[in-house]
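Please open the model in your viewer, with the sequence panel beside it, and keep a selection tool at hand. The stops below say what to select next and what is there.

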Amino acid sequence: MGTTFHGPSPWPHITRAIRTRGSRRAAIAHLGQDAPTLLPLRAGDVLVVNASRAAVRAHLTSPVALAYYRDAGVRVLSSADLHANVIATERWAVIGSANASHSSTIAVEGVVITDDPDLVASVRGFIDGIAEVTEVDQVFLDDAVAQWQIGRAVPIPGVSGRGQADPGFLPAQVTRMFLRHIIEYEPGPAEHHTWAAESRHRRAPAGPAAKYQLEWFHHDKSDSRLRRGDVLVFVTADHQWLHPPAVVDSEAIAIPRSPGAIGHLLRSRTDLDPIPVPVAEQILADAGHPGARLRADHRIASPSLRAAVLGLWDL
């Protein structure tokens, strides 16, 4: 392979280069919640990251990603001074600007990937020589979770691990928002056929990094108030998780041979993660909405509460 430059979207090349046998070392300044899909490390590898309180509170480094790597057997260390983004396998070295986050996949980034043995050795030595590091253990993780919950996202391209505002996703003005419980059910053949026929009329997501996905929402005619452009926020039946907003992308669709059943196509973003309901409730209470009612199906009538709910994901 030699030495090659990759940009402006280098992450597929980085991920492919580090999928090798042997130990890996990485010094990546900031991790988004989706870091493990970009940076597939395993037991025995070493990861140095800036997981300082300031970085976590600014939502630049995700405790979810830290916990994932630690549970996988990766030795995770934190350096508050780290700003570099380099990786070394036994054969390759990656040197560049890319943090391990969704934001980095949509920012303009550049990296050099090389098998030059002197550069590989230099990168490994650089990572091993980073001073003033702190082991990320359970106590460290507990504190990181607390810092994350009291902090807020900072929209820095290539750094922030949470999805950034997307004016093309939501309606220009969100006037109708509903909270609904997720209902587990098994769609029948007629519903599968209807879903397939309707989804063919919509633009399908392209490739593994597609930003949107289409979903199918089934309900009965007694709850037929939904219309195209409405926003739905789903909560799990156990009231543990609040899912990111989805936009109704079709009018009501009757389900053949299923009396009283209708469906809608929903459009959702693939780069946003669910939030624990207690965390969402605390954030909304801090924003002046102590009675947000995240555990009951209802229409969210308050414009300020609608804005606060969308703000949970920086939408």
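**A glycine after a helix**

Begin by selecting Gly-288, which follows helix H9 and has a positive phi, near 100°. Helices (H or I, at least four residues) and strands (E, at least two) are DSSP runs, numbered from the N terminus. Before moving on, note that this is a predicted model, in which local features need pLDDT of at least 70 and side-chain atom pairs count only at pLDDT 80 or more, while totals for chains, interfaces and linings use all residues. Residues are numbered from 1 along each chain as its sequence is written, and side-chain values use heavy atoms, with hydrogens and water left out.

**Helix H9 and its surroundings**

Now select residues 277–286, which make up helix H9, and colour Val-277, Val-279, Ala-280 and Leu-284, which are buried; buried means under 20% relative accessible area, exposed over 50%, and partly exposed in between (1.4 Å probe, protein chains only). The buried residues of H9 pack against H7, strand E11 (231–235), strand E12 (241–242), strand E16 (275–276) and helix H10 (303–311).

**The whole protein**

Zoom out to the whole protein, whose secondary structure comes to 10 helices and 17 strands. Of its 315 residues, 48% count as buried. Among contacts with a separation of 6 or more, 72% come from residues 24 or more positions apart, where contact means heavy atoms within 4.5 Å.

**The open sheet**

Next, show the strands E1 to E8: these 8 strands form an open sheet of mixed pairing, in the order E1-E7-E6-E5-E2-E3-E4-E8. Its edge strands are E1 (3–6) and E8 (134–135), each of which pairs on one side only; two strands pair if DSSP finds at least two bridges between them.

Select E5 (residues 85–88), which pairs with E2 in the antiparallel sense over 4 bridges, and look for Arg-25, which stands opposite Ala-88 in E5. E5 also pairs in the antiparallel sense with E6 (residues 93–96), again over 4 bridges, and the two strands form a hairpin with 4 residues between them. Within that pairing, Val-86 stands opposite Ile-95 in E6. Moving on across the sheet, E6 and E7 run antiparallel and are joined by 4 bridges, with Ile-95 opposite Val-112 in E7.

**Two nonpolar cores**

Which residues have the most contacts inside the largest nonpolar core? This core has 32 residues, and the ones to select are Ile-28, Leu-31, Leu-39, Leu-47, Leu-66, Tyr-69 and Ile-87; a nonpolar core is a set of buried Ala, Val, Leu, Ile, Met, Phe, Trp, Tyr and Cys residues joined through side-chain atoms within 4.5 Å. Apart from it lies another core, of 25 residues, including Met-177, Leu-242, Val-247 and Trp-313.

Val-247 and Asp-230 are 17 residues apart in sequence, yet 5.8 Å apart in space, C-alpha to C-alpha.

**Charged side chains**

A search of the whole structure finds 6 salt bridges, each a side-chain nitrogen of Lys or Arg within 4 Å of a carboxyl oxygen of Asp or Glu. One of them joins Arg-176 and Asp-230 (2.7 Å, N to O), which lie 54 residues apart in the chain, Arg-176 in the loop between H7 and strand E9 (177–181) and Asp-230 in the loop between strand E10 (212–220) and E11. Both Arg-176 and Asp-230 are buried.

Return to Arg-25, whose side chain meets that of Asp-128 in a salt bridge (2.6 Å, N to O). Arg-25 lies in strand E2 and Asp-128 in helix H6, so the pair ties together parts that are 103 residues apart in sequence. Asp-128 is partly exposed, with a relative accessible area of 49%.

Finish at Arg-124, also found in helix H6 (residues 117–128). Arg-124 is buried yet has no salt bridge, and the nearest side chain of opposite charge, Glu-90, is 5.6 Å away; Lys and Arg count as positive and Asp and Glu as negative, while His and the chain ends are not counted. The residues that Arg-124 touches, leaving aside those up to four places away in sequence, are Ser-23, Arg-25, Ala-88, Thr-89 and Glu-90.
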